[in-house]
Amino acid sequence: MTERGTTAPDPAPLLRAVQVGRHFGGVAAVDGVSIEVRVGEIHAVIGTNGAGKSTLINLLSGEIAPSAGQVFFAGHDVTRWPQPRRARAGLGRSYQRTTIFPEFSVVENCRLAAQARTPRPWRFWQRAAADRPSLEAAARALTAAGLGAEAGQRAGTLSHGAQRQLEIAMCLANAPLALLLDEPLAGMGGEETERMLDLLGALKDDHAILLVEHDMDAVFRVADRITVMVNGQVIASDVPDRIRADPLVREAYLGEPEVLP
Amino acid sequence: MASDALTEGPAADVGALPDIARREAGGWRVPAAAVLAIALLPLVVSPYGIDLVLRIAVYAIFALSLELLVGAAGLVSLGHAAFLGIGAYATVLGSGDSGGSVAWLLPLAVITAAAYALFAGALSLRTRGVYFIMVTLAFSQMAYFVLHDTQVGGGSDGIFLYVKPVLQFAGTTWLDLDDRLTLYYTVLGALVATYLFLSVLLDSRFGHALAGIRVNEQRMRAAGFSTYLYKLAAFVIAGALAGVAGFLLAAKDGAVNPELLSWHESGAVLLMLILGGIGSLRGAVIGAAAFVLLKELYQSQAIVGPLADHWQMTLGLTIIVFVAVLPRGLIGLGQRLRGKAP
């Protein structure tokens with residue numbers, strides 16, 4: 001597990017799962033998985049359909065509770081923390097199926113997300129549309145995600161790719177420390193994919209990013225570390241070059257030999 | 001901080017964007033004119049008409065309270081009459097034989113209704129969708145049967161309110177709700193206050209969070225909102241406002257009975273919202289007026305003859321037609337007409 005020396009100084013992992021598992025009935029969707037994500041790195045999780053990648057993200061984000069193991073985030077044992085509390089602590093996530101507020105404006109999508117961390121939310125006499133802290137966070141996030149020009153549009157009218165970008169912007173509006181991204185490139189065209197990869201590369205500098213993705217070209221381009229899951233278990237975790245050469249991984253993908261670039 | 005990199009460069013200009021989180025259309029002129037007209041009505045209308053407007057106004061407050069749940073937060077409750085009834089019962093039981101002061105009977109009605117809403121909401125909000133509908137119904141039926149089958153509130157016959165609430169201060173009587181006109185303006189004032197309170201609330205961060213929960217609760221939780229607490233707060237506020245309506249209803253009718261808490265009442269207030277148009281405060285008020293007027297019409301022997309005995313049937317058919325023709329309610333009709341005008 002300790003593959004030191006590949007990148008110079010190895011900071012303590014911001015997000016760490018230790019032997020987490022989740023059983024649905026008798027089926028182990030995730031079984032004894034340990035994973036670490038650091039600031040400054042994109043840690044990709046790949047695996048065939050049903051390997052447990054999305055369940056792993058749900059366990060890390062707190063959407064479902066683990067049946068075994070522990071999750072640590074930013075120095076806290078967050079295993080028993082519900083999702084909203086983890087989110088407020090700086091754990092943002094995107095979903096495989098685009099999860100935005102289609103009927104609100106693009107900026108309101110981000111402003112609402114940012115509002116989760118603004119103080120004194122019970123002040124009902126203050127108008128949300130005049131809430132400076134959340135508006136400023138929304139504007140910054142939209143600019144960072146490259147959606148500044150679309151701020152006034154209705155979110156549901158954006159292109160698919162722009163909606164995926166908006167979902168990232170909504171995460172950023174919350175000033176997260178770590179991002180859990182579930183197939184952010186799904187359904188994207190070539191140009192949209194490039195833009196998203198540029199964005200991920202820019203975000204990596206001060207975020208810890210866990211990326212679940214099916215687009216292998218993209219994964220091997222941007223990932224600093226890759227974890228391979230099969231049937232709920234980790235079969236390999238290493239830098240991309242060694243993952244590419246790993247016989248176990250080759251075997252797991254044998255049915256789809258052209259998948260690994 | 002992690003967001004430092006994001007502060008660089010010009011931020012998108014979001015100063016003057018249309019706020020489309022809220023769907024309320026139109027300005028303040030029409031509601032203000034309506035309030036003025038209703039305030040002047042006692043000059044020209046018979047006591048029967050006054051009573052009708054009073055009933056509409058009380059039910060409008062009740063419908064507004066449910067609109068916060070159904071329209072704003074997307075929580076369809078089929079037990080909202082429990083809070084109306086509890087507020088009304090609290091008023092009558094608190095008055096006793098010698099009457100009481102508005103200054104403590106109104107808070108009593110509100111707090112009692114809010115307390116039951118806290119209890120019922122804390123448990124029912126653990127469920128979703130159709131289960132939530134059934135659990136809220138169960139909680140209201142529980143309250144109904146307690147009042148119906150025990151002697152806490154006079155059993156199935158209910159109890160009379162012998163002396164209406166008054167507000168006395170420094171030796172002067174400021175409000176005597178036994179006086180019809182005083183009651184009229186008190187109810188009208190309460191309606192305006194409820195409406196203004198809810199429109200401010202829906203424009204606030206709390207209101208926007210409720211809208212977010214209605215549209216996509218999963219995303220709200222991912223953003224860090226403890227959505228359960230937001231929904232519970234909405235449920236308690238809605239219960240408290242229904243308690244206000246209950247207080248006014250008891251003062252208006254001078255009696256309470258368990259039917260106030262029945263599921264018919266819960267269904268009726270939902271129908272008011274559907275008639276008026278869910279998702280709009282003025283829709284709730286218009287829906288309450290339409291429902292009370294339609295019911296009055298169909299119950300009137302003089303107008304519909306023998307059909308008056310079957311008013312549920314005619315009212316039901318009318319509502320079916322309304323929903324089929326106006327899926328967005330009467331408020332939707334108004335918007336459609338305005339949209340076609342130049």
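In the predicted model, helix α3 (residues 106-115) of chain A and helix α5 (residues 160-173) of chain A have axes that come within 7 Å and cross at roughly 35°, where axes are lines fitted to C-alpha atoms, for helices over the stretch in contact, and angles run from 0 to 180 degrees between N-to-C directions. Helices (H or I, at least four residues) and strands (E, at least two) are DSSP runs, numbered from the N terminus. The crossing of α3(A) with α5(A) is right-handed; a crossing is called left-handed if the near helix is turned anticlockwise from the far one by less than a right angle, and right-handed if clockwise. From α3(A), the residues A:Val106, A:Asn109, A:Cys110, A:Ala113 and A:Ala114 meet A:Leu166, A:Ala169, A:Met170 and A:Ala173 of α5(A), two residues being in contact if their C-beta atoms, placed from the backbone, lie within 7 Å. By class, the residues of this contact comprise eight nonpolar, one polar and no charged, with Ala, Val, Leu, Ile, Met, Phe, Trp, Tyr, Cys and Pro counted as nonpolar, Asp, Glu, Lys and Arg as charged, and the others, Gly among them, as polar. Residues are numbered from 1 along each chain as its sequence is written, while chains are lettered from A and ligands numbered from 1 in the order in which they are written. Because the model is predicted, local features need pLDDT of at least 70 and side-chain atom pairs count only at pLDDT 80 or more, whereas totals for chains, interfaces and linings use all residues.

Chain A is divided into domain 1 (1-90 + 179-261) and domain 2 (98-175), the bounds coming from an automatic or database domain assignment. The C-alpha centres of the two domains of chain A lie 26 Å apart, and 11 residues of domain 1 are in contact with 11 residues of domain 2. On the side of domain 1 of chain A that touches domain 2, the elements giving two or more residues are α2 (83-88) and α6 (190-204) of chain A, and α6(A) gives the most, with four residues. That side of domain 1 of chain A has six nonpolar, two polar and three charged residues.

Chain A also holds an open sheet of four strands in the order β2-β1-β4-β5, with antiparallel pairing; two strands pair if DSSP finds at least two bridges between them. Strands β2 and β5 (76-77) of chain A stand at the edges with a single partner strand each, so one side of each is left without a neighbour in the sheet. Strand β1 (residues 15-24) of chain A runs antiparallel to strand β2 (residues 27-37) of chain A, and seven bridges join them, A:Ala17 having A:Ile35 of β2(A) as its bridge partner. These two strands, β1(A) and β2(A), form a hairpin with two residues between them, and A:Gly25 in the turn has a positive phi of about 65°. Five bridges join β1(A) to strand β4 (residues 68-73) of chain A, again in the antiparallel sense, and A:Val18 is paired with A:Gln70 of β4(A) as its bridge partner. Helix α1 (residues 53-61) of chain A packs on the sheet and touches β1, β2 and β4 of chain A, its direction making about 120° with that of β1(A).

An open sheet of six strands in chain A has the order β6-β7-β8-β3-β9-β10, with mixed pairing. Its edges are formed by β6 (91-93) and β10 (233-238) of chain A, each of which has a single partner strand, so one side of each is left without a neighbour in the sheet. Neighbouring strands of this sheet are turned by 20° against each other on average, direction ignored. Within the sheet, strand β3 (residues 42-47) and strand β8 (residues 208-212) of chain A pair in the parallel sense over four bridges, with A:Ile209 of β8(A) as the bridge partner of A:Ile42.

The contact between the chains takes 37 residues from chain B and 51 residues from chain A. On the side of chain B that touches chain A, two or more residues each come from α1 (4-7), α7 (180-203) and α8 (205-223) of chain B, and α8(B) gives the most, with 13 residues. By class, this side of chain B has 20 nonpolar, 11 polar and six charged residues.
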